[in-house]
Amino acid sequence: MSAAATNDPTAIALRALAATLGEQRLATRFLSLSGIDPPDLRQRASDPDVLVALLRFLEAHEPDLVAIAEELGVKPAALVAARRELEQ
């Protein structure tokens with residue numbers, strides 16, 4: 001993966017979304033807490049509001065944030081920074 005893709009907040013958030021949805025426990029909890037149903041998520045996966053919601057969801061439970069960051073090969077701070085950039 002290129003350095004630009006590693007620093008792109010949308011790319012980071014989309015990778016975090018894929019990793020989260022790959023974990024049944026996290027996927028179920030995210031969908032339940034966010035109120036987003038699977039068809040809506042498929043349509044809105046790249047929507048910054050959805051990506052911010054996902055990153056906030058991960059930030060709310062540090063072990064999940066750390067686990068997803070490790071799976072992506074980034075520091076947890078990179079996920080937080082991506083959320084901040086997407087919120088602007």
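This is a predicted model: local features need pLDDT of at least 70, side-chain atom pairs count only at pLDDT 80 or more; totals for chains, interfaces and linings use all residues.
Leaving out residues up to four places away in sequence, Leu55 is in contact with Ala13, Ala16, Leu79, Ala82, Arg83 and Leu86.

**The nonpolar core**

- The largest nonpolar core has 25 residues, and those that touch the most other members are Ala16, Leu54, Leu55, Leu58, Ile68, Leu72 and Leu79.
- Five helices, α2, α3, α5, α6 and α7, each supply at least two residues of this core.
- The helix that gives the most to this core is α5, with seven residues.
- As background, nonpolar side chains tend to be buried together in soluble globular proteins.

**Helix α5**

- At the start of α5, the backbone nitrogen of Asp49 has a side-chain oxygen of Asp47 within 2.7 Å.
- A handy idea for looking at any α-helix is that there are 3.6 residues a turn, so residues three or four places apart point the same way.

**How α2 and α3 meet**

- Two packed helices are described by the angle between their axes and the distance between the axes.
- The axes of α2 and α3 come within 6 Å of each other and cross at roughly 110°.
- An angle of 65 to 115 degrees counts as roughly perpendicular, and α2 and α3 are therefore roughly perpendicular to each other.
- Where the two helices meet, α2 brings Leu17, Thr20 and Leu21, while α3 brings Leu26, Ala27 and Phe30.

- Asp64 lies in helix α6, and Asp64 counts as buried because its relative accessibility is 3%.
- The side chain of Asp64 makes a polar contact of 3.0 Å with the side chain of Arg25.
- Asp64 also has a polar contact of 2.8 Å, side chain to side chain, with Arg29.
- Not counting residues up to four places away in sequence, Asp64 touches Arg25, Leu26, Arg29 and Leu58.
- Arg83 belongs to helix α7, and with a relative accessible area of 8%, Arg83 is buried.
- The side chains of Arg83 and Glu59 are joined by a polar contact of 2.7 Å.
- Leaving aside residues up to four places away in sequence, Arg83 touches Val52, Leu55, Arg56 and Glu59.

- Ala19 has its place in helix α2, and its relative accessibility of 5% makes Ala19 count as buried.
- Ala19 and Glu71 are 52 residues apart in sequence, yet their C-alpha atoms are 7.4 Å apart in space.
- Once residues up to four places away in sequence are set aside, Ala19 touches Ile68, Glu71 and Leu72.
- Leu31 is found in helix α3, which covers residues 24–34.
- Is Leu31 buried or partly exposed? Buried means under 20% relative accessible area, so Leu31, at 21% relative accessibility, counts as partly exposed.
- Leu31 and Leu41 are ten residues apart in sequence, with their C-alpha atoms 8.7 Å apart in space.
- Apart from neighbours within four places in sequence, Leu31 is in contact with Ile36, Pro38 and Leu41.
- Asn7 sits in helix α1, residues 3–7, and Asn7 counts as exposed because its relative accessibility is 56%.
- Asn7 and Glu87 are 80 residues apart in sequence and 15 Å apart in space, C-alpha to C-alpha.

Note on methods
Residues are numbered from 1 along each chain as its sequence is written. Side-chain values use heavy atoms; hydrogens and water are left out. Helices (H or I, at least four residues) and strands (E, at least two) are DSSP runs, numbered from the N terminus. Buried means under 20% relative accessible area, exposed over 50%, partly exposed in between (1.4 Å probe, protein chains only). Contact means heavy atoms within 4.5 Å. A polar contact is a pair of N or O atoms within 3.5 Å; within protein, one must be able to donate a hydrogen and the other to accept it, and residues adjacent in sequence count only if both atoms are side-chain atoms. A nonpolar core is a set of buried Ala, Val, Leu, Ile, Met, Phe, Trp, Tyr and Cys residues joined through side-chain atoms within 4.5 Å. Axes are lines fitted to C-alpha atoms, for helices over the stretch in contact, and angles run from 0 to 180 degrees between N-to-C directions. Angles under 35 degrees count as roughly parallel, over 145 as roughly antiparallel, 65 to 115 as roughly perpendicular and the rest as oblique.
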